[in-house]
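Open the structure in your viewer and keep the selection tool ready. We will go stop by stop.

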Amino acid sequence: MPTLDFEIECKEIHDSWIRPPEQLNQLVRSLARRNRHERQQIRETYKAIYGEDLVSRLQHKADGDDADQITTGISPNLCAALSLWMINQHERDAIFIQEALHNDQQGRHDKNYNALVEIFASRKSSQILLIKQAYHTKFRRQLDQDIINIELPHPHQKIVVALVASHKAHHADVNQDIAKSDARRLFETGRERSSSGIQEAVVLELFSKRSIPQLKLTFSCYKHIYGHDYKRSLKSVSSGEFENALKMVVQCIHNPPNYFAKILHASIKGLTSSSTSDDKGALVRVMVSRAEVDMDEIQRMFKKKHGVELRDAIISSVTGDNCYTDFLVALASKSK
């Protein structure tokens, strides 16, 4: 049965459709503080009281399809962010993947490989299975086939296809001896590279046959054996599209907080410049995805690399919608 606390919060959400924006801040901060179990209970309670799905209502308002067409209340940006926050992670990732595969920037129909890499390089295999099921349920399509069948093959696609395969063909345990052997293989591949770049086949074979934890251990062994990160060795390679894609993937696997701090900084910087980023959804995607995973570490890395607190960077850059800003700041302030 719904608790009184959740009933009150659901009433506040329901009233927010017509509430002046300046009265929403406390509600938004409260929702941001809720854990995933509490958010699920709020969604169920809202459905029991008002007979409609809260997430569907938020999505309709975000898309401008809300029947009320009310000019006050929660903004479309905030509705979109809240709708993502209120669903479980595998449903959220399925939506991110679908959007990435149908990314349309300035009519180019580019794929958002940043989002694809983030998901397949930073989720557990058990999570990937749930994501595939959610993708099929929501979009009636097979995720693996949609990625394999991307037109105009791209270096990022080759790596993503390998990562997809890695989640199928491995054991959960990691092996130190295999990691050391793979690290030496990567090193020798680098030594034998030609002016045209590294041997793609060797890298793709390792990425397709090893789990993400195993690859992470391989990169750690590489640094222990050779005294520097594998990513650093890639900087001396003739820089082509594959090498540039590989650098990003390696960083995401080996040091996720560093990677996500970099993505957030680029996204926030793009809000205050004339940049035409191909990844305009990165800020919300990373904030809602990592808030309950490693936001503490991301915050520390962001401050270390850029000399400013993440929350302060958001406040100074995300302008024009105080409630939306408050929501992002609240997510930035979450800790595990």
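A residue counts as buried when its relative accessible area is under 20%, and as exposed when that area is over 50%. Anything in between is partly exposed. Keep in mind that this is a predicted model.

**Stop 1: an aromatic cluster**

Select Phe-219 and Tyr-230. Both residues are buried. Their rings form a stacked aromatic pair, with 5.9 Å from centre to centre and 5° between the planes. Now colour the helices. Phe-219 sits in helix H13 (residues 212-226), while Tyr-230 belongs to helix H14 (residues 230-235), so the pair ties together parts 11 residues apart in sequence.

Next, select Tyr-222 and Tyr-226. How do these two rings sit against each other? Their centres are 4.9 Å apart and their planes stand at 55°, so this pair is tilted. A stacked pair needs planes under 30 degrees apart, and edge-to-face needs over 60. Both tyrosines are in helix H13, 4 residues apart, which separates them by about one helical turn.

Is Tyr-222 buried or exposed? With 2% relative accessibility, Tyr-222 is buried. Tyr-226, at 22%, is partly exposed.

Ring pairs join Phe-187, Phe-219, Tyr-222, Tyr-226 and Tyr-230 into a cluster. The structure as a whole holds 9 aromatic pairs.

**Stop 2: a charge over a ring**

Select Arg-39 and Trp-85. Arg-39 lies over the face of Trp-85, 3.7 Å from the ring centre.

**Stop 3: helices H7 and H10**

Show helix H7 (residues 113-122) and helix H10 (residues 155-166). Their axes come within 10 Å and cross at roughly 20°. That angle is under 35 degrees, so H7 is roughly parallel to H10. The crossing of H7 and H10 is left-handed.

Which residues meet here? From H7, select Tyr-113, Leu-116, Val-117, Phe-120 and Ala-121. They meet His-156, Gln-157, Val-160, Leu-163 and Val-164 of H10.

Stay in helix H7 and pick Ile-119. With 2% relative accessibility, Ile-119 is buried. Leaving aside residues up to four places away in sequence, Ile-119 touches Asp-93, Phe-96, Ile-97, Ile-128 and Ile-131.

**Stop 4: a loop residue**

Go to Arg-140. This residue is in the loop between helix H8 (125-139) and helix H9 (143-148). Its phi is positive, at about 55°, although Arg-140 is not a glycine. Arg-140 has 62% relative accessibility, so it counts as exposed.

**Stop 5: a covered helix**

Select helix H17 (residues 282-290). How many of its residues are buried? The count is 9 of 9, so by the under-20% limit H17 is mostly covered. Among the buried residues are Arg-285 and Arg-290, along with Ser-289. Ala-282, Leu-283, Val-284, Val-286, Met-287 and Val-288 are buried as well.

**Stop 6: helices H19 and H20**

Finish with helix H19 (residues 310-317) and helix H20 (residues 322-332). They pack at an angle of about 170°, with axes 9 Å apart. H19 is therefore roughly antiparallel to H20. To show the contact, select Leu-310, Arg-311, Ile-314 and Ile-315 in H19.

Methods: Residues are numbered from 1 along each chain as its sequence is written. This is a predicted model: local features need pLDDT of at least 70, side-chain atom pairs count only at pLDDT 80 or more; totals for chains, interfaces and linings use all residues. Side-chain values use heavy atoms; hydrogens and water are left out. Rings of Phe, Tyr and Trp (its six-membered ring) pair if their centres lie within 6.5 Å; planes under 30 degrees apart count as stacked, over 60 as edge-to-face and the rest as tilted. Helices (H or I, at least four residues) and strands (E, at least two) are DSSP runs, numbered from the N terminus. Buried means under 20% relative accessible area, exposed over 50%, partly exposed in between (1.4 Å probe, protein chains only). A charge sits over a ring if NZ of Lys or CZ of Arg is within 6 Å of the ring centre and within 35 degrees of the ring normal. Axes are lines fitted to C-alpha atoms, for helices over the stretch in contact, and angles run from 0 to 180 degrees between N-to-C directions. Angles under 35 degrees count as roughly parallel, over 145 as roughly antiparallel, 65 to 115 as roughly perpendicular and the rest as oblique. A crossing is left-handed if the near helix is turned anticlockwise from the far one by less than a right angle, and right-handed if clockwise. Contact means heavy atoms within 4.5 Å.
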